[in-house]
Amino acid sequence: MGDFTLPSGFRCAGMPVGIKASGLPDLGLLFSGLPADWAAVFTQNALKAHCVDQGSALLATGQPLQALLVNSGNANCANGPAAPAYTQAALSELTNLLKIPAEAALTASTGIIGQAMPSQKVLDALPELVSRLEAGTAQDFAQAIMTTDKFSKLSRRQLSGASMLGWAKGAGMIHPNMATMLCFIVTDLVAPANLQALLQSAVDKSFNAISVDGDTSTNDMVILLANGASGQEIAEEDFQAVLDTLCLELAEMIVLDGEGAERIFAITVTGANSQLEAKAIARGISRSLLVKTAVSGGDPNWGRILAAAGQYGPLDFACAKLSVAGILVLDCGQTASSIELARLSQIMKASERLELCLDLGLGGTGSFTAYGCDLNEAYVRFNAHYST
């Protein structure tokens, strides 16, 4: 297990309170003793959980943040007036226990949509949850935010006199337009002036570049807190580089944990007329069911990749080049031999990660990399009975 020591000034805790029938941890708390500058990116789904609306409204005020109360097992979404009522009661009790301003805390939720939140169980547990902050670990918090995840997702970067730590959860309903995914990042660095823009840039290259099943959730959010407790300040470009690598590592963990997934793939599109064009094509390929099932079966059916690409942008067969796992299957109209495809099939079946590279050959400089995973029978079996 890696070193997941929290940045200075931060504490966290997790515990089971009975939201999940399994009895596993389902309530987590992340706390900064110092008011923290923060940035956030929220789901673009038209059906938003109340915690998303609350977070968006608070972000707009510019108020510092100190606490995040996160539950798993229930999305607290599409359940009428119960959602805001729970949020108000939980935040009132939590901020009172922590002795922080009422506007310095947020809630986040993940789980089944449309079911009533067992609010009293959460409220009754808050005193003990707060008491656990003294001895709580990053792993405690990671386990409390998991739903269908097979493993906890943490990433840490050590800097000169400071650090950055991130948690993510997500395995299914993943196709963020920031899918069910949450991410929380904390650092004791002094916050750069353009914190929101830096987070948005990192999200666009990571969480907004992954797809498991093409579905965007109602609760997605990425939140970054910088409390400055270390007193260290680094250049914006250096902050961006650290944040980019941390977010990408967490995003790839989500894809790797796709419900039933056995292998992941990265699709890099180059030679496009613009980055937006490259992004649309790469993301389209990453969510193609036919591409995902071919990856699952180790089937070198590269025509599916081209067909998916052609749905989302310009494609000229005579100019395009496509390689899969390092094997050139299309070179400006020339296609790979049956011998090469047989070798490719063996490579695909033996690989846990595949690199797909599509050069559109249009003469442009637009490029983008998206990430996806295979889709197999296990995903269907799991999601056919998710709520039962």
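Biologist: Which residues lie nearest the centre of the largest cavity?

Modeller: D299, N301, W302, I305 and M348, among 13 lining residues. This is a predicted model: local features need pLDDT of at least 70, side-chain atom pairs count only at pLDDT 80 or more, and totals for chains, interfaces and linings use all residues. Residues are numbered from 1 along each chain as its sequence is written, and side-chain values use heavy atoms, without hydrogens and water.

Biologist: What makes it a cavity?

Modeller: On a 1 Å grid over the protein atoms alone, a cavity is a set of points where a 1.4 Å probe fits but cannot get out; lining residues have an atom within 4 Å of a point. The volume of the largest cavity is about 90 Å³, counted as the space filled by probe spheres set on the points.

Biologist: Which helix supplies the largest share of that lining?

Modeller: α8, with three residues. Helices are DSSP runs (H or I, at least four residues), numbered from the N terminus.

Biologist: Why is Q54 called buried?

Modeller: Its relative accessible area is 16%. Buried means under 20% (1.4 Å probe, protein chains only), so Q54 qualifies. Q54 is found in helix α1 (residues 50-61). Beyond its neighbours within four places in sequence, Q54 is in contact (heavy atoms within 4.5 Å) with T87, L91, A105, L106 and T107.

Biologist: What describes the packing of α5 and α6?

Modeller: Two packed helices are described by the angle between their axes and the distance between the axes. For α5 (residues 195-204) and α6 (residues 236-256), the angle is about 35 degrees and the axes are 9 Å apart.

Notes: Axes fitted to C-alpha atoms, helices over the stretch in contact; angles between N-to-C directions. Helix = DSSP H or I, 4+ residues; strand = E, 2+ residues; numbered from the N terminus. Buried < 20%, exposed > 50% of the residue type's maximum accessible area, 1.4 Å probe, protein only. 1 Å grid on protein atoms, 1.4 Å probe; cavity = no way out; pocket = protein on both sides within 12 Å on 5 of 7 lines; lining within 4 Å.
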